[in-house]
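Here is a short tour of one protein model, going from overall confidence to single residue pairs. Please keep the 3D view open as you read.

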Amino acid sequence: MLKTIWASLKYQCRELFARINLFLTRLFFWQWKRFTFPLSEQNSILIQYAGRKSQLAVLKMLLGSDAQVFETKKPKSKANQNHQAFVYEVRVPGALRIPHCLSTVTRSDRPAEEILATY
């Protein structure tokens, strides 16, 4: 029997358990809520979010919104549907997919202020 486990195997096991945990938390769709909030106070675009309440703060941070959030029981009428964006926590076939996180590689021959100014 092996007394030590390789570091790469430990990493793969942790990665697998993290994916399974994420899948299982998304699976409990009956715990999801519907929220509506404007993208900004000056903007007329409404964001309709369906998912876990714990992820709402992350979504607002990613969108740069600081508007007040309203919990909704059912979708709004179709009258103002031209100015709405729907955000779901699961993948929807045919929808635009945005990556959860992005990573960049930059050269380090410039000062940090100059590199950050391009973002």
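This is a predicted model, so a word on confidence comes first: the mean pLDDT of the protein is 78, and 83% of the residues score at least 70. Among the elements, α1 has the highest confidence, with a mean of 87, while β3 has the lowest, at 75.

**Overall layout**

The protein has 3 helices and 4 strands. Followed from the N terminus, they come in the order α-β-β-α-β-β-α. Of the 119 residues, 17% are buried. The exposed surface comes to about 10500 Å², and 61% of that is supplied by carbon and sulfur atoms. What share of the contacts between residues at least 6 apart in sequence join residues at least 24 apart? The share is 56%.

**The strands**

| Pair | Residues | Sense | Bridges |
|---|---|---|---|
| β1 and β2 | 33-38 and 46-51 | antiparallel | 6 |
| β1 and β3 | 33-38 and 70-72 | antiparallel | 3 |

R34 has A50 of β2 as its bridge partner, whereas F35 stands opposite E71 in β3. When you inspect these positions, recall that side chains in a regular strand alternate between the two faces of the sheet.

How many salt bridges does a search of the whole structure find? The search finds 1, and R19 and E15 form it, with their closest N and O atoms 3.9 Å apart. The cut-off for such a pair is 4 Å, so the distance of 3.9 Å falls within it.

Are the two partners buried or exposed? R19 is exposed, its relative accessible area being 58%. E15 is partly exposed, at 33%. The helix that carries this pair, α1, is also the element in which confidence is highest.

Key. Residues numbered from 1 in each chain as written. Predicted model: local features only at pLDDT ≥ 70, side-chain atom pairs only at ≥ 80, totals over all residues. Heavy atoms only, no water. Pairing = 2+ DSSP bridges. Helix = DSSP H or I, 4+ residues; strand = E, 2+ residues; numbered from the N terminus. Salt bridge = Lys/Arg side-chain N within 4 Å of Asp/Glu carboxyl O. Buried < 20%, exposed > 50% of the residue type's maximum accessible area, 1.4 Å probe, protein only. Contact = heavy atoms within 4.5 Å. Areas by Shrake-Rupley, 256 points an atom, 1.4 Å probe, with all protein chains shown as cover. pLDDT = per-residue confidence, 0-100.
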